[in-house]
Amino acid sequence: KDEQGEPYVVPGKRFAEEIQIECYKHLLPVVSVVEEKEHFDRVTSAFDTAIVGFFQGDRKKDPWYKRFRAVARQLRGHALFGAIFEGREPRDFGIDHDAHPTLEPLRKDSRSEKTMGGEVLATGGDNGNSDLEGQNRPLILLFKPKENRHVEFVGDLTLPKLTHFSRVLSLPLLSVYDFESRQKYQELKVPLGMMWLDGEDAGRIENQWAKDILRRLALRFSGHLVFVMLNSTRDGIMMRPMGLDPRKVPSFGISATDEHESQRFGYGDIPSQTRDEFRAFWADTDRAFVRLESFCVSFLEGTLEVSHESAELPPTYRWPGPGAVHEVVWKTFRESVYRIEHDVLLELYSPFRPQHRTFATVLELVAEALAGLKTLKVARMDTGNNYVLPEFGLKEKDKERPSTFFFLRASPDQHRHPVRFGGSKKAEKLPEQLLRFVHRETRGRFDWDVDERAAWVNKETHRRIKRLKAVEKDYEKKMQEEWMQKEMEEFERYKRLGKFDNLNI
């Protein structure tokens, strides 16, 4: 009844219960006008979240009220909104004015909410306040009765910023990530600070340290980020897009929203070469808090690089040098492939390819043949567990191919242009063709005898690859025969039990 000229558009629902929830959201007024303390207490305790504005003017003339009411419409059902007019203060209703302020506004060029999955700017700046300059700004307090706290909204009082603030604080200060809450995160499109805890040993002291740090972060960034705790056993798969290792927990990351395609940022600077190093990071809770706090600020300012899925290399792994293949994962890709002075012959391969050992030997042969070229590196990275840059032009079906080869000429970072190899895919022919491919790409810059090296590599191909290919084929045949034997034994057992008596065959 309070919005007769402004109807709501409700998306189609599958179940009657969902329609009932939508109706329940609209039973209360969009904004409750509070006149007395008793009404104030009901408004600030009825919902998990209540947002109250203290306006200097009256309801019809105050220029800020229209904006406040627009936010209330967007968040109807997620928080209860109240408005107090005529310059009355929180102390008139028994509330201490000294509320906990939100994080101070960031600089003007910081991250926009659009990057984080919303539509609005989440930082300082004018953003639509110019028409209200000189007007008496209201005090906005957000109440969390279950957490026994209230938070003051600071910064530019714009519709987008107030909406974002209200969305984030309509959720608990700290909660456990589960399916039901995930639906609400997706609906509100809020950024999530995610802490994975050890699910196999919940009583680990590292878990308690991480929880304490996360609570401090939640208070520090109240109104900007939503913080959740996850189980590494159940939710470990969500760590992979952030480049985090599910075996190394606690771990922390930030997701711009809780949608599948949203940007994700994993904190990967925790020393983890030894268990003691990893434990020491979390044991020094003050230092860990400062480092994670800086990480969160960088996210809000938009200065973090997006994380991607990456495999792990042993801590002791080092490239032996020319003549050997450099094993690369996404975490080391830029340092090992782009930010070096070498030309690079790069193989992107599927870890599930048949005859994997044979194709791995192909690149090892090529690396040995090119050992004399100190300005060339031979490297490979699997596409099943690592992010591949778009400039390589690999589609999903390409990532499932046994191998795709590229040549990258030495140049400053971000200026390399991959040249794709388009020759044979047969293991016996690949070594010589890859040598000639490299020779063509380095012609005019380096002088080396490709025929001599091709003759050597053909000899080694005959000796190594053909024999290895035959061994792998025999092994595959043996595995198939064993599988067929087990299937026949299982069939005979079912037959003896009478499982096929009623099939009329």
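In what order do the five strands of the open sheet with mixed pairing that includes S7 and S11 follow one another? In this predicted model, the order of that sheet is S7-S9-S8-S10-S11. Strand S7 (174-176) and strand S11 (264-266) form its edges, and because each of them has a single partner strand, one side of each remains without a neighbour in the sheet.

Met-194 is placed opposite Val-228 of S9. Helix H6, which spans residues 205-220, packs on the sheet and touches S7, S8, S9 and strand S10 (251-255), while the direction of H6 makes an angle of about 165 degrees with that of S9.

A further open sheet of five strands, again with mixed pairing, has the order S12-S14-S13-S15-S16. The edge positions are taken by strand S12 (325-327) and strand S16 (419-420), and since each has a single partner strand, one side of each is left without a neighbour in the sheet. The pairing of S12 with strand S14 (residues 376-382) is in the parallel sense and comprises three bridges; in S14, Arg-380 is the bridge partner of Glu-327.

Turning to helix-helix packing, the axes of helix H12 (residues 430-442) and helix H13 (residues 450-496) come within 8 Å and cross at roughly 155 degrees. As angles over 145 degrees count as roughly antiparallel, H12 is therefore roughly antiparallel to H13, and the crossing of the two helices is right-handed. On the side of H12, the contact is made by Pro-431, Glu-432, Leu-435, Arg-436 and His-439, whereas H13 contributes Val-450, Asp-451, Arg-453, Ala-454, Val-457, Asn-458, Thr-461 and Ile-465. By residue class, the contact of H12 with H13 consists of six nonpolar, three polar and four charged residues.

Methods: Residues numbered from 1 in each chain as written. Predicted model: local features only at pLDDT ≥ 70, side-chain atom pairs only at ≥ 80, totals over all residues. Heavy atoms only, no water. Pairing = 2+ DSSP bridges. Helix = DSSP H or I, 4+ residues; strand = E, 2+ residues; numbered from the N terminus. Contact = heavy atoms within 4.5 Å. Axes fitted to C-alpha atoms, helices over the stretch in contact; angles between N-to-C directions. Parallel < 35°, antiparallel > 145°, perpendicular 65-115°, else oblique. Left-handed = near helix turned anticlockwise from the far one by under 90°. Nonpolar A, V, L, I, M, F, W, Y, C, P; charged D, E, K, R; others polar.
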